[in-house]
Amino acid sequence: GTIRNMDDEADQPAAACCSWPWCIRAQGAKASKATALAQQRWLAGDADWKNAEESSTFARNCDLSQTHLVKAADAKWTSSSHCFQCALNTVHECDDFGDDIHTFPDIRRKWLSAQVSGNVHYPRVRYIVDYPPNTPRLPYHDHPGGEEYVVFTGRFADTNFAQVEAPALVRYPIGTHHAAMTQPFEGRTEILTWWGLMQATSATESAQHVALCPRLLVPRQREASWIDGPRRGWAISKDGLETRIERWAPHAEKALLFRRPIKEIYLLRGSLSAAQRVEGATAGEALGLLAEGDWICFAHEVSQVDAAAGPDGATLLVKELLPYDSWRRHVLQDVRQSWHSWSGATGRASGRGHMPAASLVEASKSPQSHLRFSRSRSTSTVEEGGTVAPGSSQ
């Protein structure tokens, strides 16, 4: 597919709280909704990443007919509200409204991808967010499509994991909920976030906190799930495909074969020369050198990537998904109402999925089920301590 590079407009400096002539927090007054929304529009200053007028939809870097590449060197920080839908200026019921975080200054984002649709009751977004010192507690919320994040710097304790020190990865499957920033932190906290990008089968999993090695950003004190020559992998999701971390040795050359149509890579460490190839093609399309912090989401038709790690090797965070919605709606339609809010929900533990495995098995027997695709294409691709790897060319 065609490769798109994102060039953000220059960011305007974040204002100090007391410099705002109508600052709610400085005045110590309660915000009216109209005034709070005005502050939100001022905070979300990048016109490329917000609607000019409030709208029920927003889409950028989410067209699966193309490959989308965001280079870390090109992406710019932009001032932002905490609520990403406020930042995008999309129609929603804001969970932040009335809390200190709603108008808290100096939060910044680097956007990777965003998709909000009136036809889908939750958004799908990817971004890096930077929280300033002493950010207040974030509102309690649930995860209708799951949430995953990598803590690069600082601390991000929440109601389930009291000690989340950088570097770390946290995975909250569908059916979990939490409130973060439960402990004040004097420094800045930088986090890479995926929201709404999980398979329905994640609802059978529990939340997990994975401490990472500071040098390589691979899981600490955890054996590799599989080894494929100079390539090692750690399964983060239960199926080993949806979310995994891979470590490639210096100068390792491999063909990474994808098993699902939606696939993306975030380069955590090192560098990687890559060329994407569609099924049946004899040659690939060069993507150039991917550097630390680069993100790429491949076009639907891309079936493999021919890659070579740089002199320092490479650490990749890889995600593979089935098509959106079609694999989720028929499976979880009976529990959709419980996704709307965590308040008053029954039978749910904060760090545990709420969908019984038996329900998913029954649902997968449906003729319309796309879960069958997941099992048939990925059976036995991951074995604990074994040598069979997802994406292996062997």
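Select L241: is L241 buried or exposed? L241 is buried, because its relative accessible area is 0% (buried means under 20%, exposed over 50%, partly exposed in between, with a 1.4 Å probe and protein chains only). L241 sits in the loop between strand 14 (231–235) and strand 15 (243–248); helices (H or I, at least four residues) and strands (E, at least two) are DSSP runs, numbered from the N terminus.

A quick word on what you're viewing. This is a predicted model, where local features need pLDDT of at least 70, side-chain atom pairs count only at pLDDT 80 or more, and totals for chains, interfaces and linings use all residues. Residues are numbered from 1 along each chain as its sequence is written, and side-chain values use heavy atoms, leaving out hydrogens and water.

Next, pick W111, V125, Y131 and F156. Within the largest nonpolar core, which has 29 residues, these four touch the most other members. Such a core is a set of buried Ala, Val, Leu, Ile, Met, Phe, Trp, Tyr and Cys residues joined through side-chain atoms within 4.5 Å. Strand 6 gives this core its largest share, four residues.

Stay on Y131: leaving aside neighbours within four places in sequence, its contacts (heavy atoms within 4.5 Å) include H82, L138, F156 and I191.

Finally, colour by pLDDT, the predictor's confidence in each residue, from 0 to 100. The protein's mean is 78, but residues 327–349 stay under 50.
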